[in-house]
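Please open the model in the viewer and keep the selection tool ready.

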Amino acid sequence: MFEDFIDALQNFRRNKTRTLLSLLGVIIGVASVIVITSMGSSSTQQVKDAFGSSGLDVVSITSGFMRRRRDAVTINFDESFRDTLFNNVRNIKKIWYKNTLNVTVSYGETSSTVNCAAVETGYLEMYGINLEYGRYINVTDDQEGTQKIILGHTIAQALFPAGDGEGKMILVTTNTVSFAFEVIGVLVENSSGMEQTDNAAYIPRGFYSKKISPNPSAASVMVQAASPEKATELVSTLESYCEKLTGTSYSVNVMNMQTMINQMNSITKTMSMMLSAIAAISLLVGGIGIMNIMIVTVTERRQEIGIRKALGASPFDIRRQFLVESAAITLIGGIAGIFLGIAISLAIEYVRSLSYVVSWPACIIAFIFSLFVGIFFGLNPAARAAKLDPVLALAGE
């Protein structure tokens, strides 16, 4: 078989143009599959990078669209609801309440409108959000409702370019009412993850409930699962439990970062598979071209086949010779297609400024499929060559 492969390479060298045309279909097909799957893998990695690794064990609950039913019950995110969840739903580690409001923060002549979150102790730590300097909101701040504030990186840079914001007093205005807050911390730059913090500010929820909106219900509930593995299961449990409380499946929206990532990954993989299947058609087209060329090759090499048979070559030897030659074309084309596909993918990801991820399983599958195409479409020409009568083959070209 090795000698057949060497003979095939020599035949390719003698017919360079014909060989190149045969290779093009295979190269384009394999390269297309590699490009599509690699772009899909890179997009999936971009989604993971955007969400980050923290907060995968957190399930958020917000108000949903109520179905028009008389027996529908509205859920208020108050302390009784927190107690109800703890007592009736398993795999809950901790529950945080959160309210949001738009405020204007001012220091000297500089002011900026930001999204402010009133949060409870441990909320930022739960999301793995780190401090550039200062401290987090503690239990005393939350329970006593102290006028303390933590600023996102971009807001702190605007108000305190020198990076000396800790301990400074700033003015926070909401609904024409102003409060003086002490800056106790500034967050590190963070443009990824579920919690976007660069243009945000955080105050104790205790202050919000005492001075801004007395005894409020939370706008959203963050439920931390006992472990990240339990988060997906907790989503279904919370949906079922809230549906049982209200009599409708539209009372709340329950989301988890890992569930969202899994859904997006599933969509990306499905699209990649569909596009790869379309790209694989070019491999089949290339295979048909290889079969046509191999049939022509058999016709041109009738005398060679006749001489080999006259010297004792069996039909199996002849069939193997042409099958190896057909497979050799797709072998070379598959390898070239993989390198071309990776090169094109690298160029595309470089232009798009995205992280590049090679889909090695796709490379292997595309390569094996190209070999299969070469063997399958080489069967008919090889069978024709094996059936040639040596006398007739030697009689004329």
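A charge sits over a ring if NZ of Lys or CZ of Arg is within 6 Å of the ring centre and within 35 degrees of the ring normal. This is a predicted model, in which local features need pLDDT of at least 70 and side-chain atom pairs count only at pLDDT 80 or more, while totals for chains, interfaces and linings use all residues. Residues are numbered from 1 along each chain as its sequence is written, and side-chain values use heavy atoms, with hydrogens and water left out.

Select Lys94 and Trp96: the charged end of Lys94 is placed over the Trp96 ring, 5.6 Å from its centre. Next, select Arg82, which lies over the face of Tyr97 at 4.2 Å from the ring centre.

Turn to the aromatic pairs (Phe, Tyr and Trp rings, the latter by its six-membered ring, with centres within 6.5 Å; planes under 30 degrees apart are stacked, over 60 edge-to-face, the rest tilted). The structure holds eight of them. Tyr123 and Tyr127 have ring centres 5.3 Å apart and planes at 70°, so this pair is edge-to-face. Then select Phe369, Phe372, Phe376 and Phe377, which ring pairs link into a cluster.

Finally, select Leu388. Its relative accessibility is 16%, so Leu388 counts as buried. Beyond residues up to four places away in sequence, Leu388 touches Val298, Arg302, Ile305 and Lys309 (heavy atoms within 4.5 Å).

Conventions
Buried < 20%, exposed > 50% of the residue type's maximum accessible area, 1.4 Å probe, protein only.
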